[in-house]
Amino acid sequence: MIATTICSAIGSAHWEIGKLLHDRKLESKHGSGVVNRLSYDLKHRYPQMGVSPRNLWDMKKFYERFCHSDIKVRQAVALLPWGHILRLLQKVGNDDAAMLFYAQETRSKGWNRDLLLNAIKLNMYETQALARVDNNFDRTLPAEQA
């Protein structure tokens, strides 16, 4: 419970910083000086936060990737640790259904980053989708036979 609360608070901070960078329309070639200065200032104000320029750009990617996603996807991802979110951004891309699947599986099964990466490498989302055979048994058969 405490870990979830902490992850959620950190995720909210990353979201807000990413939104700020997005709203300022900073791009790597034109905004690197601003991001470097922001990183420097944040490191001095919050030394434990871990705000390298690369991490700030990741926060912007995080915001841009999920700002238009379904609320269910955003909520599932928001409960994950930052390292897991970064792996999902790198490996899953823009497939919201796959993102939701991996986020929910990570939470329910307590996957660490290595297990998450293995699940992605094994195409677990695609495998599970193929295994989910849609049938009409529950609509056409009595409950005890379905």
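K60 counts as buried, because its relative accessibility is 6%, and the cut-off for buried is under 20%. This is a predicted model.

The side chain of K60 meets that of E64 in a salt bridge, at 3.0 Å from N to O. Both residues sit in helix 3 (residues 53–66). They are 4 residues apart, so about one helical turn separates them. E64 is partly exposed, with a relative accessible area of 32%.

## Other salt bridges

Side chains of opposite charge can pair when their charged atoms come close. The structure holds 6 salt bridges.

One of them joins D41 and R37, at 3.1 Å from N to O. Both lie in helix 2 (residues 28–45). Their spacing is 4 residues, about one turn of the helix. D41 is partly exposed, at 35% relative accessibility.

Another links K109 with E105. Here the closest N and O atoms are 2.1 Å apart. Helix 6 (residues 96–109) holds both residues, 4 residues apart, about one turn of the helix. E105 is buried, with a relative accessible area of 16%.

## A nonpolar patch on the surface

Which residues form a nonpolar patch on the surface? They are I2, I6 and I10. Together they have about 300 Å² of accessible area.

I6 is found in helix 1 (residues 2–23). I6 counts as partly exposed, because its relative accessibility is 46%.

Methods: Residues numbered from 1 in each chain as written. Predicted model: local features only at pLDDT ≥ 70, side-chain atom pairs only at ≥ 80, totals over all residues. Heavy atoms only, no water. Patch = residues over 30% accessible without salt bridge, like charges linked within 9 Å, V, L, I, M, F, W, Y side chains within 5 Å. Areas by Shrake-Rupley, 256 points an atom, 1.4 Å probe, with all protein chains shown as cover. Salt bridge = Lys/Arg side-chain N within 4 Å of Asp/Glu carboxyl O. Helix = DSSP H or I, 4+ residues; strand = E, 2+ residues; numbered from the N terminus. Buried < 20%, exposed > 50% of the residue type's maximum accessible area, 1.4 Å probe, protein only.
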